[in-house]
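Have a look at the sequence and the structure before reading on.

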Amino acid sequence: MSQTTTVMASELDGEAQRLALAEIGQQFHARTWSVGTSSNYSVVLDRDPLRLLITASGKDKGNLGIDDFVIVDESGQATTPTQPKPSAETLLHTMIASQLGAGAVLHTHSVWATLLSDLFAEEGAVMIEGYEMLKGLEGIKTHEHRERIAIVENSQDMRTLSEELSQRLREGDETLRYGFILRRHGLYTWGKDLFAARRHVEILEFLFEAVGRRLSLSLPSTVS
Ligand SMILES: CSC[C@@H](O)[C@@H](O)C(=O)COP(=O)(O)O
Ligand SMILES: [Zn+2]
């Protein structure tokens with residue numbers, strides 16, 4: 001059984017994962033989290049050596065085809081020359097996949113994450129407290145929980161950005177437990193597999209919207 005699975009996976013060259021990421025793109029695009037070619041998604045195909053299937057740069061995430069992906073190695077380079085150009089943000093994906101052992105990494109561009117990352121930039125994190133939906137984050141067992149999601153200054157220099165984040169992760173920064181928001185840019189989150197990573201996007205985007213709408217209603221930002 002396991003031998004059959006291995007043979008099929010290599011023959012398909014990640015075809016099942018391509019289809020799964022394309023479906024996620026359609027759904028995230030429909031929810032306005034991945035419009036205008038924004039976002040990038042990746043899934044680990046092989047761990048040793050690392051082989052990551054990632055969206056090609058500049059593609060419409062609502063309409064990804066089977067060829068709109070690239071297999072990259074640990075340094076973010078395409079494993080074969082005929083593939084399209086990988087996402088401009090590939091180095092963040094490879095760092096997260098290799099350093100945290102994540103099985104999938106998803107990046108979205110929602111309006112609420114963009115606004116909150118600006119509003120709470122000085123605090124360095126968005127604080128989320130008291131919501132049942134927090135239990136959708138791996139390991140959280142009760143709504144009586146406070147989670148801070150890091151806000152990181154945006155940059156076009158992915159090498160420096162990934163090194164800074166890598167350092168913070170090595171130091172055990174608790175605000176990076178589930179993801180981070182690049183300021184005025186978007187959310188990065190991950191999971192042990194694609195299902196968990198996608199759940200984290202849905203949960204965090206729900207919570208950002210709840211926090212944002214709560215503030216718009218001029219309600220206090222914390223529970224009482
Ligand atoms: C709409 S531009 C957004 C990009 O600059 C970038 O942030 C992004 O998320 C997608 O880049 P890509 O290179 O297609 O993976
Ligand atoms: Zn982006």
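Predicted model: local features only at pLDDT ≥ 70, side-chain atom pairs only at ≥ 80, totals over all residues.

Residues are numbered from 1 along each chain as its sequence is written, while chains are lettered from A and ligands numbered from 1 in the order in which they are written.

Start with the ligand. The shell around ligand 1 takes in Gly36, Thr37, Ser38, Ser39, Asn40, Thr55, Ser57, Gly58, Ser87, Ala88, Glu89 and His107; to be listed, a residue needs its C-beta atom, placed from the backbone, within 6 Å of the molecule. By type, that shell has 1 nonpolar, 10 polar and 1 charged residue. Here Ala, Val, Leu, Ile, Met, Phe, Trp, Tyr, Cys and Pro count as nonpolar, Asp, Glu, Lys and Arg as charged, and the others, Gly among them, as polar.

Which residues does UniProt list for "binding site"? The unreviewed entry gives His107 and His109, with the caveat that annotations may be inferred rather than shown by experiment. The table puts the two side by side. Buried means 20 or more other C-beta atoms within 10 Å of a residue's own, and contact means C-beta atoms, placed from the backbone, within 7 Å. Helices (H or I, at least four residues) and strands (E, at least two) are DSSP runs, numbered from the N terminus.

Leaving aside neighbours within four places in sequence, His107 is in contact with Ser39, Asn40, Glu89, Gly186, Leu187 and Tyr188. With the same exclusion, His109 touches Trp33, Ser34, Ser38, Ser39, Thr114 and Gly186.

Now the core, a set of buried Ala, Val, Leu, Ile, Met, Phe, Trp, Tyr and Cys residues joined through C-beta atoms within 7 Å. The largest nonpolar core has 54 residues, and those touching the most other members are Ala104, Val105, Val126, Ile149, Ile181, Leu204 and Phe208. Helix 6 (residues 194-216) gives the most to this core, with 8 residues.

That helix also checks out geometrically: at 1.5 Å a residue, its 23 residues should span 33 Å, and its end C-alpha atoms are 33 Å apart, which agrees. The expected span is 1.5 Å times one less than the number of residues. Just after helix 6, Ser218 takes a positive phi of about 60°.

Conventions. Buried ≥ 20, exposed ≤ 12 C-beta atoms within 10 Å, placed from the backbone. Contact = placed C-beta atoms within 7 Å.
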